[in-house]
Each structure stands twice: as C-alpha cells, then as structure tokens.
Amino acid sequence: LVRVNKNVKSQSEKDFLAKDRLETCLNDRLQMTESVRNIFHNTNVLQVVHGDLDQPLLGMTLERFINIGTNCDQVIHCGSWVNHKASYNILKDANVNATTDFIKWGYLRKKANLSKLRICYVSTISVINKSFNEPTDPFNEIEPTRSYISNKSGYVQSKYVAERRLM
C-alpha cells in the first residue's frame with residue numbers, strides 16, 4: 001500500500017506508480033537486494049497497491065477494499081505518519097484506523113473461510129516502558145502503564161493503540 005499523487009485518475013496507473021515509488025525507495029536505500037528484486041518482480045508473491053493510510057478504507061472504494069482484503073494473505077505494515085509534535089487525534093487516522101482496516105481484512109478472509117491474514121506490524125521502540133539506562137533484555141518488554149503512555153507524544157500514543165488493537 002503506497003500513496004501516490006492524487007491527480008492520477010486511473011487505478012491501474014496509481015498502482016503502477018505505487019510500485020515504482022516503492023522500488024525507487026528500496027533502490028535509494030540500497031535495500032533492493034537480488035532476493036528482494038526477485039520477490040518484487042514476481043506478481044504471484046507481491047502486489048503493491050495504491051492507498052492512503054489516513055483515509056477510511058485505506059483510501060479505496062468499498063469494492064476494492066473488500067477485493068484486496070479478501071485476496072491478501074499477508075500485510076507488512078510499516079507505514080505511519082511520524083510526527084512527534086502532532087497530537088494523538090491528528091495521527092489517529094493514519095496510525096490507528098489504518099491498522100484497524102488491515103484487521104478488517106482478516107475478518108473478510110475469515111468470513112470467506114480462507115487462511116488467516118498474517119500481519120507483520122512495525123511499531124516504535126518508544127512504546128516500551130524501559131529506561132535506556134537499565135540493562136536491556138530484548139526479550140523482556142514491560143507493558144507500559146497508562147501514565148507512561150499519557151506522557152508520551154501523540155505519535156507514541158497512536159502506535160501503542162495500534163499495537164493493542166492487533167493483540
């Protein structure tokens with residue numbers, strides 16, 4: 001799911017530009033390895049579609065949302081609106097509601113008696129209730145308290161709520 005210029009009219013052109021944008025980002029960051037390239041160009045393995053995290057139904061028509069959601073068996077969700085000065089209410093659509101829309105895809109697959117939707121969600125280390133002065137055990141995350149989260153930025157709060165919805 002990649003957002004492109006809203007002036008593009010046709011869905012196929014939006015999807016083409018979304019894939020092109022993702023490929024450019026991977027190349028620019030030197031992350032387009034040979035194995036990634038093989039997956040990227042195998043349309044049976046990877047489908048890149050145009051969408052918008054801060055819009056209802058990921059910026060899709062209901063028909064497209066249902067079609068893609070039913071046919072998608074895995075989501076790698078690493079998109080978010082990162083803004084440490086914005087409030088939770090400003091970031092909620094892109095960071096919480098979009099995650100909820102991916103969860104809805106899971107319900108669509110369940111309703112159609114298909115395999116479970118796998119969601120790989122990339123969050124932020126800031127939601128972990130740990131001081132960086134403490135010795136760290138990467139396998140021992142401490143559930144943040146309500147007061148800990150309420151004192152964090154809207155971004156951290158939105159990522160925490162999205163995580164909770166996935167549990």
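Mentor: Helix 3 (residues 62-71) packs against helix 4 (residues 88-111) at an angle of about 70 degrees, with the axes 8 Å apart. This is a predicted model, in which local features need pLDDT of at least 70 and side-chain atom pairs count only at pLDDT 80 or more. Residues are numbered from 1 along each chain as its sequence is written.

Trainee: Why is helix 3 called roughly perpendicular to helix 4?

Mentor: Roughly perpendicular covers 65 to 115 degrees. The angle is about 70 degrees, so helix 3 is roughly perpendicular to helix 4.

Trainee: Which residues of helix 3 and helix 4 make the contact?

Mentor: Contact means heavy atoms within 4.5 Å. Helix 3 brings F65, I66, I68, G69, T70 and N71. Helix 4 brings D101, K104, W105, L108 and R109. These residues divide into five nonpolar, three polar and three charged.

Trainee: What makes L58 buried or exposed?

Mentor: Buried means under 20% relative accessible area, exposed over 50%, partly exposed in between (1.4 Å probe, protein chains only). L58 has a relative accessible area of 0%, so L58 is buried. L58 sits in the loop between helix 2 (34-40) and helix 3. Its phi is near 60 degrees, a positive value in a residue other than glycine.

Trainee: How do you know whether N113 counts as buried or exposed?

Mentor: Relative accessibility of N113 is 71%, so N113 counts as exposed. N113 lies in the loop between helix 4 and strand 2 (118-121). N113 is not a glycine, yet has a positive phi of about 55 degrees.

Key:
Side-chain values use heavy atoms; hydrogens and water are left out. Axes are lines fitted to C-alpha atoms, for helices over the stretch in contact, and angles run from 0 to 180 degrees between N-to-C directions. Helices (H or I, at least four residues) and strands (E, at least two) are DSSP runs, numbered from the N terminus. Angles under 35 degrees count as roughly parallel, over 145 as roughly antiparallel, 65 to 115 as roughly perpendicular and the rest as oblique. Ala, Val, Leu, Ile, Met, Phe, Trp, Tyr, Cys and Pro count as nonpolar, Asp, Glu, Lys and Arg as charged, and the others, Gly among them, as polar.
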